[in-house]
Amino acid sequence: MASCSTFNLSPSSKPTKPLPHYLLKPLIHGPETETRTQIQTPYPKLIITGPSKLSGHVPISGSKNSALPILAATLCCSGTSKIHNVPNLFDTRTMASVLASLGAKVEVFNNEMLVNTDGVDSVEPNSDEIRKIRGGFFVIGPLVARFGEAVVALPGGCNIGTRPVDLYIRGLQALGAVVELRDGKVQAYAANGRGLVGGSFQLDYASVGATETLMMAACMADGTTVLSNVAREPEVVDLARFLNDSGACVEGAGSNQLVIKGKPLLHGSECVIAADRIEAGTFMLAAAITRSCISISPIIPSQMSCLIQKLSAAGCKIRQYSHDTLEVSAVSRCGGENLQSFEVKTGPYPGFPTDLQPQIMALLTTCNGLSPVEESVFDKRMGHVSELLKLGAKIQVCASTALVFGKDNGRHVDFPFINVLSGSSLVANDIRGGMSLVLAGLAAEGTTDISGVAHIDRGYENLDMKLHSLGADVKRLMPLASKLEK
């Protein structure tokens, strides 16, 4: 294992690097070749005129939640890693900036990234970049594993509840690291002065981020590591596949236990980021809430089984056209039909994904009946409710459970009228909550304007373009009058 002294790395040895120019602004890409003029507004907004009827096909981008840990994992690998199908999002650009601040060479070509880590000469990434996204903290595992130490600021991300890093810290300690929290930064180093050692650690709960970070750390530890009660999400499997292709030995990905045999050296490899199951689910819900019919690909149907079951029970027709293509139809065959209510409780995979809870709540406001929605993953993931109420939705919240009153509650004692969504001015405060407002706006009568769209853009590549291609009346208003040229 390469020790810290081999590379003469020190968190205070030099100032933080300036970021490369190509990482300081979004890449402009897509089918347009003409000059595009944006309309001036005080803040960026999405303007949606509804109700919308969607039709056609929508392509699903690469998974942000797979791309971020895989980009972090390139720090475990010598040489160059080539990552295909990386979504062009704020979070992935920020992760590229994090890697560049450590000395890695990052080249970006549309949705492809080349990362060469042979020039890494720091163990302290740019703190400002780390604080922008939750996924930036992933780098602590690879840095300690490969270089013997790391100094990483506490992460940022969406304010959707308590997401402590104690599991990361205790897991690293189980692998022989000394970990301290000082001045808002986590400082970790190998206690033996050489590198991490294999060990056993059981997670208190199946945290995806902690599972991925400890998996990366254990890949280069001396000996065998057993991680128990780990996350089983598809993104964990994607990361394990990349690490194994790079020379690691990770067994059990997709189960609740990982057995990892440490290797002293990993090499760069090539991978394709899988399609984003959360984006796919969001567009399935877009078809449902607008009572439309669209096709979606690429998609892995087995990963969507919970959502498919819910939508099918509600009355949607879902057909699998090929191994990676689904058609979702909520078109009513006769005027009196409507989708029916259902119960939702979020949970770790293979349970219902918390990242689809806000969006499915938007759908439930348009279904017949009363729908209980229980959030069991994050303790503050009901922030979108106050915005949905502005559209006319009828929702009661008690702690982590919401009761959604649908369209046939005209005789209900608390809500003695039919629930119809109407356009309003809304504010997005996080990625998925913001997307629930977009879906509700598609179904609402009149015009809905949504500010805070930077949150939504963190999880959805070319969202307004994709919705427009399906027939939605969606416009993006930019904060400054500018001409963007490809």
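Me: Is Cys 367 buried or exposed?

Reply: Cys 367 is buried, at a relative accessible area of 0%. Buried means under 20% relative accessible area, exposed over 50%, and partly exposed in between, with a 1.4 Å probe and protein chains only.

Me: And what about Cys 306?

Reply: Cys 306 is partly exposed, with a relative accessible area of 23%.

Me: What is the basis of the model?

Reply: This is a predicted model, in which local features need pLDDT of at least 70 and side-chain atom pairs count only at pLDDT 80 or more, while totals for chains, interfaces and linings use all residues. Side-chain values use heavy atoms, leaving out hydrogens and water, and residues are numbered from 1 along each chain as its sequence is written.

Me: What is the mean pLDDT?

Reply: The protein has a mean pLDDT of 88, and 85% of its residues reach 70 or more; pLDDT is the predictor's confidence in each residue, from 0 to 100. Over residues 24-39 the pLDDT is below 50, and this stretch has 35 contacts in the model beyond near neighbours in sequence, a contact being heavy atoms within 4.5 Å.

Me: Changing topic, which residues does Thr 213 contact, leaving aside its neighbours within four places in sequence?

Reply: With those neighbours left aside, Thr 213 is in contact with Phe 138, Ile 140, Gly 141 and Tyr 168. Thr 213 counts as buried, at 0% relative accessibility.
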